[in-house]
Amino acid sequence: MDNRQWIATTATGGLIASAFLYFPFIGGIYALLIACVLQGIYIGWQHVLAPQFRMGILSFSTGAFVGMPIMGLLLSRTGPGNLWGMMAMFGISVGVISMVATRLIRNWRSKSN
């Protein structure tokens with residue numbers, strides 16, 4: 001996967017994960033955290049080089065942070081609210097932690113085989 005595809009994939013993952021805070025009926029902080037963890041696992045399991053992986057972390061974080069107020073305006077009647085930045089920080093934190101943990105597990109499994 002080249003750099004442009006990788007940036008688009010990870011930024012879109014952050015954008016989609018940020019929408020889970022505002023989805024009607026299923027949305028909320030727990031849905032956001034679960035979506036960010038699942039996106040982090042997916043992104044962390046991809047076979048990319050270390051610089052691309054670091055770029056993916058930045059792209060995911062940017063996509064989630066920029067996507068949070070946009071999704072709040074599109075999916076919610078009240079808008080993103082005052083605490084959207086803190087919610088983005090929570091989602092980005094668990095997403096990045098799951099990415100790094102998945103990458104470490106994948107590398108550890110490939111070296112042990």
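Predicted model: local features only at pLDDT ≥ 70, side-chain atom pairs only at ≥ 80, totals over all residues.
**View 1. Packing of helix H1 against helix H2.** Helix H1 spans residues 3-19 and helix H2 spans residues 29-44; the two pack at an angle of about 165°, and their axes lie 8 Å apart. Because angles over 145 degrees count as roughly antiparallel, H1 is classed as roughly antiparallel to H2. The crossing of H1 past H2 is right-handed. On the H1 side, the contact is formed by Trp6, Thr9, Thr10, Gly13, Ile16, Ala17 and Ser18. H2 contributes Leu32, Ala35, Cys36, Gln39, Tyr42 and Ile43. By residue class, the contact of H1 with H2 comprises eight nonpolar and five polar residues, with no charged ones.

View 2. Ser98 belongs to helix H4, which covers residues 84-112. With a relative accessible area of 10%, Ser98 is buried, since the cut-off for this class is under 20%. A polar atom of the Ser98 side chain lies 2.8 Å from the backbone oxygen of Gly95. When residues up to four places away in sequence are not counted, Ser98 touches Cys36, Val37, Gly40 and Ile41. Of these, Cys36 is also listed among the H2 residues in the contact with H1.

**View 3. Phe25 in the loop between H1 and H2.** Phe25 is located in the loop between H1 and H2. The phi angle of Phe25 is near 75°, a positive value in a residue other than glycine. Phe25 is exposed, its relative accessible area being 89%.

Note on methods:
Residues numbered from 1 in each chain as written. Heavy atoms only, no water. Axes fitted to C-alpha atoms, helices over the stretch in contact; angles between N-to-C directions. Helix = DSSP H or I, 4+ residues; strand = E, 2+ residues; numbered from the N terminus. Parallel < 35°, antiparallel > 145°, perpendicular 65-115°, else oblique. Left-handed = near helix turned anticlockwise from the far one by under 90°. Contact = heavy atoms within 4.5 Å. Nonpolar A, V, L, I, M, F, W, Y, C, P; charged D, E, K, R; others polar. Buried < 20%, exposed > 50% of the residue type's maximum accessible area, 1.4 Å probe, protein only. Polar contact = N/O pair within 3.5 Å; in protein donor to acceptor, adjacent residues only side chain to side chain.
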